[in-house]
Amino acid sequence: MFAEIELSKRISRIRVSETMRTAQSAARLKARGVDIVDLSAGEPDFPTPENIKRAAIRAIEENFTRYTAAGGTDELKEAVCQQHAKEFGTSYTTPECVICCGGKHAIFNTVQVLVDKGDEVIIPVPYWVTYADVVRYAGGIPIFIPTDEDSGFSLTASMVERHITQKTRVVIINSPCNPSGAVVDPEEFSKIYRATSQRDIWLLTDECYAHLVYDGKPFSIASLPGARRTVIVAGSVSKTYAMTGWRVGYALAPAKVASAIAVLQSQSTSNPNSIAQKAAVEALVGAQESVMEMLAEYRKRRDFVVERLRAIPGVQCREPKGAFYAYPNIRCALGRPQCEDTTQFAQRLLDEGRVAVVPGEAFGTTDHIRISFAASMKELDRGLARIHDFIGKVSV
Ligand code: PLP
């Protein structure tokens with residue numbers, strides 16, 4: 001019966017997010033009582049900090065439970081602008097800010113209001129699973145730029161320039177990158193900004209992991225003088241404050257773009273959850289110690305995971321500079337019957353090895369898996385022992 005139902009061409013252009021699909025498969029097995037180590041999740045395992053939870057409880061008690069403006073409250077917009085100014089020296093004002101239902105929503109809406117049929121959007125590889133489908137949904141054409149693993153998946157301005165055409169409308173950059181953990185060198189980022197702004201191409205910078213960097217200070221390309229004209233920041237409280245379920249993100253953009261996003265929201269989602277907006281204000285302006293504590297823990301886990309992966313014969317793993325993912329090269333285990341590619345590898349690792357990871361094909365590369373280290377040391381230890389054994393078994 002399903003086969004007879006014809007959906008719109010638009011929805012047929014996109015697929016379910018591979019990371020969500022993997023997480024659901026793992027959850028289903030777990031619910032059946034199977035002992036799965038889930039290293040697929042793209043979310044902190046920490047609880048939301050207490051001060052943030054209390055702000056939400058207060059919001060309910062004070063009956064802050066009605067619609068807000070579709071583009072979010074002024075209070076939260078001010079908190080976003082203030083925090084961005086404090087952190088990066090920018091000077092955004094509230095008309096240049098719109099609050100969305102998560103960073104993903106901010107990216108989706110930005111692309112919907114800027115990209116028309118046939119427009120090209122440049123996306124470096126490996127990429128976060130969502131970008132290409134969001135572009136396709138808008139009728140745009142994703143143009144992928146391969147990056148080189150040997151240079152740490154680093155992105156340079158000349159790579160971007162080589163892919164710019166008359167049809168290029170947006171360049172999307174995600175630093176630190178999900179899945180590779182690569183951080184774009186600020187000097188190269190500035191060159192990319194100049195290359196795009198000279199041609200009036202939008203630079204959409206996904207800052208969802210901006211605070212999760214292990215060397216040096218967080219960087220925002222929006223801090224460059226004049227950058228606000230062509231740069232759009234997509235941000236989120238999800239990862240930094242362990243608030244993935246609250247669904248609050250934002251875009252910082254020229255006022256015309258921000259207000260177009262608010263119009264789109266007024267006809268689709270309406271406002272992001274009012275209680276979650278109050279909680280996000282506390283996250284941004286309240287005590288920041290918990291962020292530092294979580295970062296210190298991620299750093300420990302990163303070092304542990306990288307060392308354990310490098311101890312597996314044939315596996316290479318670059319050190320992630322930010323975010324909470326390792327992206328090892330497992331080519332040594334591929335190209336065999338029932339283990340031809342990383343999708344088959346990840347499926348067998350789940351079925352036989354009882355570990356959930358995301359295949360690199362979801363991120364546009366052929367030889368990798370993504371391992372999230374937003375999991376406890378105990379789970380990481382168990383998971384890595386199983387991965388070691390499984391790769392030993394399939395590589396012989
Ligand atoms: N950008 C990147 C690179 C991500 O990995 C994610 C979530 O996984 C997001 C944006 C969106 O996060 P959220 O919608 O929870 O704010």
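1. Which residues come nearest to the ligand? G103, D206, S236, S238 and K239 do, out of the 14 residues around the ligand (a residue is near if one of its heavy atoms lies within 4 Å).

2. A quick word on the basis: this is a predicted model, where local features need pLDDT of at least 70 and side-chain atom pairs count only at pLDDT 80 or more, while totals for chains, interfaces and linings use all residues. Residues are numbered from 1 along each chain as its sequence is written, and side-chain values use heavy atoms, with hydrogens and water left out.

3. Now the polar contacts (pairs of N or O atoms within 3.5 Å). The side chain of D206 has an N or O atom 2.6 Å from a nitrogen atom of the ligand. On the oxygen side, a polar side-chain atom of N178 is 2.7 Å from a ligand oxygen atom, and one of W128 is 3.4 Å from a ligand oxygen atom. Of the 400 Å² of accessible area that the ligand has on its own, the protein covers 92% (Shrake-Rupley method, 1.4 Å probe).

4. What about disulfides? The count is zero, with a disulfide taken as a pair of cysteine sulfur atoms within 2.5 Å. C97 doesn't make one because its sulfur is 4.5 Å from the closest cysteine sulfur, in C81. For C317, the closest cysteine sulfur is in C332, 12 Å away, so that is too far for a bond.

5. Both of these cysteines are tucked away: C97 is buried at 2% relative accessibility, and C317 is buried at 5% (buried means under 20% relative accessible area, with a 1.4 Å probe and protein chains only).

Note on methods: Buried < 20%, exposed > 50% of the residue type's maximum accessible area, 1.4 Å probe, protein only. Polar contact = N/O pair within 3.5 Å; in protein donor to acceptor, adjacent residues only side chain to side chain.
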